[in-house]
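I open this notebook to record what I looked up in the structure, entry by entry.

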Amino acid sequence: TASGGSGSGGATGSGTGGAGGILSCPSLPGAPTGTPPLPSAAQLSYQRTEMTAFIHYSLATYDGSEQGNPSDSPSIFNPTKLDATSVGQWVSSLQAAGFGQAMLVTKHSVGFTLWPSKYTDYSVKSSPWMSGKGDVVQLFTDAMHTSGMRVALYLSPWDQKYPSSKSDYITYFKNQITEILSYGPAYEIEFDGAQS
């Protein structure tokens with residue numbers, strides 16, 4: 001499920017609408033009304049977002065693999081120029097390219113979280129980056145909210161560090177969902193079905 005606002009949703013005569021100044025079709029005088037069922041304001045806003053960037057930045061960035069490896073130590077996550085300024089540059093570049101939304105992979109299947117989760121030590125809090133005080137999700141959501149772009153978050157249900165066969169897995173996963181949704185409005189949250 002998604003939380004947060006739906007943007008302006010409606011078309012305007014000026015040719016702009018939706019979140020982040022996304023272009024939309026202007027209303028034409030004398031145009032026929034739509035034929036039901038018509039999209040809700042939230043559905044229309046989502047459609048007018050048009051493009052979503054997908055940001056996958058984690059242990060795989062440093063180990064040279066496609067998805068990372070659950071045997072990777074959090075110590076390999078040690079970017080030297082990752083801060084509010086550089087993440088702001090990601091967002092401004094995406095916005096300039098016409099993206100209305102960006103989705104950050106907050107945790108992929110290896111289980112490493114890009115925020116200091118209370119429910120696992122396999123996270124940025126165990127890395128040398130910012131002396132274990134860094135939070136990629138906070139940097140990302142702050143930059144996105146400041147820019148007016150729609151925040152989307154990906155959280156893998158498959159966690160190779162905390163298998164779904166554990167009796168308390170559902171509680172663990174719900175707790176992590178609650179944590180990432182605490183960063184403010186999110187318009188989309190994605191869970192894939194791999195191994196879950």
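This is a predicted model: local features need pLDDT of at least 70, side-chain atom pairs count only at pLDDT 80 or more; totals for chains, interfaces and linings use all residues.

Entry 1, backbone after the helix. I looked at the residue just after α1 and found Glu50, which takes a positive phi of about 65 degrees.

Which residues of helix α1 are buried? Within residues 41-49, I listed Leu44, Ser45, Arg48 and Thr49 as buried. These residues lie on the same side of α1, because they cover an arc of only 145 degrees around the axis. The general rule is that an α-helix has 3.6 residues a turn, so residues three or four places apart point the same way.

I then asked what covers the buried residues of α1. The cover includes β2 (101-107) and β3 (150-155).

Entry 4, burial of the strand. I checked β2 in turn and found it mostly covered, with 7 of its 7 residues buried.

I traced the partners of β2. Strand β1 (residues 52-55) pairs with β2 in the parallel sense, over 4 bridges. For Ile55, I recorded Leu104 in β2 as the bridge partner. The pairing of β2 with β3 is also in the parallel sense, and I noted 6 bridges between β2 and β3. Here Met103 has Ala152, in β3, as its bridge partner.

Which handedness does the β-α-β unit of β2, helix α4 and β3 have? I recorded the unit as right-handed, with α4 spanning residues 136-147.

Conventions. Residues are numbered from 1 along each chain as its sequence is written. Side-chain values use heavy atoms; hydrogens and water are left out. Buried means under 20% relative accessible area, exposed over 50%, partly exposed in between (1.4 Å probe, protein chains only). Helices (H or I, at least four residues) and strands (E, at least two) are DSSP runs, numbered from the N terminus. The arc is that of the directions from the helix axis to the C-beta atoms. Contact means heavy atoms within 4.5 Å. Two strands pair if DSSP finds at least two bridges between them. A crossover is right-handed if, with the strands pointing away from the viewer, the path from the first strand over the helix to the second runs clockwise.
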